[in-house]
Amino acid sequence: MIKKIVLSVVTVMTFTFGYAETGMNHSWRMDRQPVNYDMSFDMHRLAAKLDLTSEQMETVQVIQDSFNDAVQEAATSRGLQRRHLIHQAVRKDVHQMHQVLNDEQFGTYMMLLGATLKNKGL
């Protein structure tokens, strides 16, 4: 009789702890903000902010499309691989934009990119 009671208590506690653990993990996931990997910019607003010429605007559009594709591809990876791919995409974007923009434009672009990455949680 005592053996049945002890086994029943152990079983109930096991189910309770298992449920509590699942509930905690689920609520933790709900508290986290989802990461948005869409890095596309409104080119007209970016062109106005950076005061781009028409040639620069075309080149920046190509660079931004490539950057957005690279970040979207990184989104399919997991863990450290994702971080590495995003880091590579940002470095490539910064390098290419530095070649196209003058120093003043590049400084403004870096400020915008930093704020965007922070807001996106990247």
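1. How many nonpolar, polar and charged residues are there in the lining of the second largest pocket? Sorted by class, that lining has three nonpolar, two polar and three charged residues. Keep in mind as you read on that this is a predicted model.

2. Here is who is in that pocket. The lining is made up of Ser40, Phe41, Asp42, Arg45, Leu46, Lys49, Leu112 and Thr116. Two elements, helix H2 (43-50) and helix H5 (103-120), each give two or more residues to the lining. H2 supplies the largest share, with three residues. The space inside comes to about 180 Å³.

3. Now the overall fold. The protein chain has five helices and zero strands, and along the sequence the pattern reads α-α-α-α-α. Take contacts between residues at least 6 apart in sequence: 67% of them join residues at least 24 apart. Of the chain's 122 residues, 24% count as buried. The chain exposes about 9300 Å², with carbon and sulfur atoms supplying 58% of that area.

4. A word on confidence before you zoom in. The mean pLDDT of the chain is 77, and 69% of the residues reach 70 or more. The stretch to watch is residues 17-33, where pLDDT stays under 50. For this stretch the model has zero contacts beyond four places in sequence. Where pLDDT is low, the predicted coordinates should not be read in detail.

5. Is phenylalanine 41 buried or partly exposed? Phenylalanine 41 counts as partly exposed, because its relative accessibility is 22% and the buried class stops under 20%. Leaving out residues up to four places away in sequence, phenylalanine 41 touches Leu46, Gln64 and Thr116. Phenylalanine 41 and threonine 116 are 75 residues apart along the chain, yet their C-alpha atoms are separated by 9.7 Å.

6. Glutamine 64 counts as buried because its relative accessibility is 4%, against a cut-off of under 20%. Which residues does glutamine 64 touch, not counting those up to four places away in sequence? They are Met39, Phe41, Met43, Asp93, Met97 and Tyr109.

7. Alanine 47 is worth a look too, this time in helix H2. With 11% relative accessibility, alanine 47 is another residue that counts as buried. Beyond residues up to four places away in sequence, alanine 47 touches Leu52 and Met57. Alanine 47 and glutamine 61 lie 14 residues apart along the chain, with 9.7 Å between their C-alpha atoms.

8. You will find aspartate 51 in the loop between H2 and helix H3 (54-74). The phi of aspartate 51 is near 55 degrees, a positive value in a residue other than glycine. Is aspartate 51 buried or exposed? Aspartate 51 counts as exposed, because its relative accessible area is 62% and the exposed class begins over 50%.

Conventions. Residues are numbered from 1 along each chain as its sequence is written. This is a predicted model: local features need pLDDT of at least 70, side-chain atom pairs count only at pLDDT 80 or more; totals for chains, interfaces and linings use all residues. Side-chain values use heavy atoms; hydrogens and water are left out. On a 1 Å grid over the protein atoms alone, a cavity is a set of points where a 1.4 Å probe fits but cannot get out, and a pocket is an open set with protein on both sides within 12 Å along at least five of seven lines; lining residues have an atom within 4 Å of a point. Grid points are joined across faces, edges and corners, and a volume is the space filled by probe spheres set on the points. Helices (H or I, at least four residues) and strands (E, at least two) are DSSP runs, numbered from the N terminus. Ala, Val, Leu, Ile, Met, Phe, Trp, Tyr, Cys and Pro count as nonpolar, Asp, Glu, Lys and Arg as charged, and the others, Gly among them, as polar. pLDDT is the predictor's confidence in each residue, from 0 to 100. Contact means heavy atoms within 4.5 Å. Buried means under 20% relative accessible area, exposed over 50%, partly exposed in between (1.4 Å probe, protein chains only). Accessible areas come from the Shrake-Rupley method with a 1.4 Å probe; for residues, only the protein chains shown count as cover.
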